[in-house]
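Thanks for coming. I will take one structure and go through it piece by piece, so please keep the picture in view.

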Amino acid sequence: MADHAHPPQTGTTPDTDVHGAHDAHGAHHDEPFWRKYIFSTDHKVIGLQYGFTALFFLFFGFCLVMLMRWQLAYPGQPLPLIGGLFGDMRMPGGVMLPEFYNQLGAMHGTIMVFLGIVPLAVGAFGNYVVPLQIGAPDMAFPKLNMASYWAYFVGGVVMLASFFVPAGAAKAGWTSYPPLADIETMGQTMWLLGMVFLITSSLLGGVNFITTVVQLRAPGLSMMRLPFFVWTQLVTAFLLVLAFPPLEAAAVLQLMDRLVGTSFFLPSGLVVSGEVLDIAGGGSPLLWQHLFWFLAHPEVYVLILPAMGIVAEVIANNTRKPLWGYKPMVYATLFLGFMSFIVWAHHMFITGMGTTISSFFQITTMIISIPSVVILSALFISLWGGSIRFTTPMLFALGFLPMFGIGGLTGLPLGLAPTDIPLHDTYYVIGHFHYVVAPGTIMALFAGIYYWYPKATGRKMNDVLGRIHFWGTLIFMNGVFLPMFIQGLAGVSRRLYDGGEIYALSEGVIQYNQFMSISAWLLAVAQIPFIINFFMSIKKGKKIEENPWKATTLEWTTTPSPPIAHGNFVTQPSVYRGPYEYSTPGVAKGFTGQNES
Amino acid sequence: MQIPYTTTIRPDTGVYNAKLGVWLFLASEIMLFGGLFSAYVFLRMGVPVWPGEINGHLYTSAAEIVSIPLATLNTMILIASSVTMVMSWASLMMDNFARYRLYMGATILLAFGFLVVKAFEYGSKFDHGYFPAESNFLGIYFTLTGLHALHVVGGIIVNGYFFGPGAKMWKTDRARFINRIEIAGLYWHFVDLVWIFLFPTIYLI
């Protein structure tokens, strides 16, 4: 239904009133601290809020697994120095209880995925950079943006608080499978409530991103002139909007099972601790799995797409040439987003679904590897003939490429049903997904932090510390995750409290546990230069002049940024060309900004 | 620089921002209720008899437990409320604020009427000992209709705001106010549409 003409307006509209804008400009000078920095509606402030909070959760989730890795390396041994801090309910005498190990495992996954990576990749980078890259004054719905952040924050508080309720946090894995999750202790209910907040946050954010990219592009910025980073954020937003609600539905059903006593996921005749459960029964644990994975598969593309976007920006900028295959990359991203909705049951190959259904999902899973390969290949080929600058962001972007390659390739035996049978729920799976997320996405996010730090702060991060951070991270991430493939192929299951020690099949590969744990702790040490660098450079970093990376995209046309609440640009930019006009033939200048006519 | 297209339409997309926003929100809501409808299908396909045994009695059709006449009444009420919702927006487009008030008030009253009938239905279930925990039919019935009822409540709150305190915007920013009523209307039609699917799915088939 087309919009009809609106009735005559009684006053001037905000769209056209310059004087009104002036008044708003004047009013902002009076904003109190709490409105300017805490309950801000400015996308840059919200982006930074997301960034700091997410980095904290990444650190916290990392600490959880460092604890776990002690138990895996030295099962049953008391943890020295800090073991006593956890109390008798978790680590009596400093020795980790299996229940606590399971809490750490479930919450490590939940926190890293939902409180760490997605808020950083989408909430922080997306919010901060997308409006700037499209030449907009802010996101389409600034108040909704603020609500998204605070919903995330509350969800995070609920998740953290769950550690302190009787019997501790959720311990049925980040996947919360019934029947176990249905009968678990209170922490599981808090997990479900926390997820409801996080899902709400993502939904509001997704709606905001799509509307922003569609509606607020600057004049002249057609869709095919968008930086690839914006495309990845757009498709990611669609995944969030469409894939999360079934998990919300599932969470509601599991809450009903736990709080009201329904049997949506509980089969008849279920026996718990020797007694038959007094429930109506007739439910299906598989129903949860379908609803959960319907989200959780698109979720992994939410994890990787913004990272690919960041890598693309950094590579184009540091090779001083356009991205190779921009159009195929865009179409591949759109196709990937679409396909991601019809592969989910490759996580369920051994549930007895039947060969027909398994064949369907196996085929779609093989097909979805194609767009990923297109994007990765295009990024590799973009290096050819480039004038490569090995800046710190570029190091991380380059490191991402082979690491994501390993992650993606190791996914293939998992996506094929017959080979998945011996590999499902083993350390092979853990190795696979960590390669894509850790030396994959997280390294790309580091690239983004080093790259856009000057835009946000007006200063560059230190390069020496950056290099130490890069090499330490790359080497020790491989140290942690590469042996997992070996253990998984030997048959060592995941989520084992002793790392597989009790089983004979792990005899030849159990020694890797110690190696991996030490790598993990050294990986933590390698982050110290980054943490120091990050905070130190706010005050002590080298001040930058205009456009320090000599980049072409719109966010660099006003660096340093105007002060908060003074808009994003001095004047509304217009766009005249594509996003990567580097080394254009026939042009003397090394690069031409999108806004240069 | 102000955010563009908050009221005026962007030429190449044909919408103003909030309209795109609400359609995306509705898409997510379709996926939410879709997830629950899928659960219904999954649960029903897994058993030989539906609704099945409750409190020792074997039910073979939903009509034996839930009241089709009452649900039909509720269907009429919601459809009527969608009509009055459109009329309230149309009244604003025709510059008739008093009429807007009338129709918006009617929409809110009809919504309350829906909830009253629902409360009656639920109360009668509880009186007979039919709680969500008794069977999956009752479980999914209460969950689906309950979530829908929560959305009706949400609509009452939003519409109530625009009936009352929010109506000030008619004086200060007329075009934006009309757009907001249009958006609220889209949401309300969606709530109606969910019920149109709920009614046959749970009560009739």
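Helix 15 of chain A has a kink of about 30° at Gly479(A), shortly before the proline Pro483(A). This is a predicted model, so please hear every value as computed from it. What does the kink leave of the length of the helix? Helix 15 covers residues 463–490 of chain A, 28 residues, and at 1.5 Å a residue it should span 40 Å; the end C-alpha atoms are 41 Å apart, which agrees.

Helix 4 of chain A can be read in the same order. Its kink is about 50° and is centred on Pro119(A). Helix 4 runs over residues 98–133 of chain A, and its 36 residues should span 52 Å at 1.5 Å a residue; the end C-alpha atoms are 48 Å apart, and that is taken as agreement. Is helix 4 of chain A mostly covered or mostly open? It is mostly covered, with 33 of its 36 residues buried. Just after helix 4 of chain A, Gly135(A) has a positive phi of about 75°.

Next, the loop between helix 5 and helix 6 of chain A. As background, most residues other than glycine have a negative phi, and most peptide bonds are trans. Ala167(A) is in this loop, and it has a positive phi of about 70° although it is not a glycine. Ala167(A) counts as partly exposed because 13 other C-beta atoms lie within 10 Å. Ser176(A) lies in the loop between helix 5 and helix 6 as well, with a positive phi of about 50°, and it is not a glycine either. Is Ser176(A) buried or exposed? It is buried, because 24 other C-beta atoms lie within 10 Å and the cut-off for buried is 20 or more. Pro179(A) also belongs to the loop, which sits between helix 5 (142–161) and helix 6 (180–183) of chain A. The bond joining Pro178(A) and Pro179(A) is a cis peptide bond, with omega about 0°.

Chain B has a cis bond to show too. It goes from Trp50(B) to Pro51(B), and omega is near 10°. Pro51(B) is in the loop between helix 1 (17–45) and strand 1 (52–54) of chain B. Which residues does Ile65(B) touch, leaving out those up to four places away in sequence? They are Pro51(B), Tyr59(B) and Tyr130(B). Ile65(B) itself is in the loop between strand 2 (57–59) and helix 2 (68–93) of chain B. It is partly exposed, because 19 other C-beta atoms lie within 10 Å. Ile65(B) and Lys125(B) are 60 residues apart in sequence, and their C-alpha atoms are 8.3 Å apart.

As for chain B as a whole, it has six helices and two strands. From the N terminus on, the order is α-β-β-α-α-α-α-α. The C-alpha atoms fill a box of roughly 65 × 35 × 20 Å along the principal axes. Of the 205 residues in chain B, 39% are buried. Among contacts in chain B with a separation of 6 or more, 74% are between residues 24 or more positions apart.

Now the two chains together. How many residues does each chain bring to the contact? Chain A brings 46 residues and chain B brings 42 residues. On the chain A side, helix 7 (186–215), helix 8 (228–260) and helix 9 (285–319) each supply at least two residues. Helix 8 of chain A has the largest share of that side, 11 residues. By type, the chain A side divides into 27 nonpolar, 15 polar and four charged residues.

The largest nonpolar core has 230 residues, and those with the most contacts inside it include Ile210(A), Phe396(A) and Ala39(B). Ile210(A) touches Leu234(A), Ala237(A), Phe238(A), Val241(A) and Leu24(B), not counting residues up to four places away in sequence.

Last, confidence. The mean pLDDT of chain A is 93, and 94% of its residues reach 70 or more. Over residues 1–27 of chain A, however, the pLDDT is below 50, and beyond near neighbours in sequence this stretch has 24 contacts in the model.

How values were computed:
Residues are numbered from 1 along each chain as its sequence is written. Chains are lettered from A and ligands numbered from 1 in the order in which they are written. This is a predicted model: local features need pLDDT of at least 70, side-chain atom pairs count only at pLDDT 80 or more; totals for chains, interfaces and linings use all residues. Two residues are in contact if their C-beta atoms, placed from the backbone, lie within 7 Å. Helices (H or I, at least four residues) and strands (E, at least two) are DSSP runs, numbered from the N terminus. Ala, Val, Leu, Ile, Met, Phe, Trp, Tyr, Cys and Pro count as nonpolar, Asp, Glu, Lys and Arg as charged, and the others, Gly among them, as polar. The expected span of a helix is 1.5 Å times one less than its number of residues. The bend at a residue is the angle between axes fitted to the seven residues ending there and the seven starting there. A nonpolar core is a set of buried Ala, Val, Leu, Ile, Met, Phe, Trp, Tyr and Cys residues joined through C-beta atoms within 7 Å. A residue is buried if 20 or more other C-beta atoms lie within 10 Å of its own, exposed if 12 or fewer, and partly exposed in between; C-beta atoms are placed from the backbone. pLDDT is the predictor's confidence in each residue, from 0 to 100.
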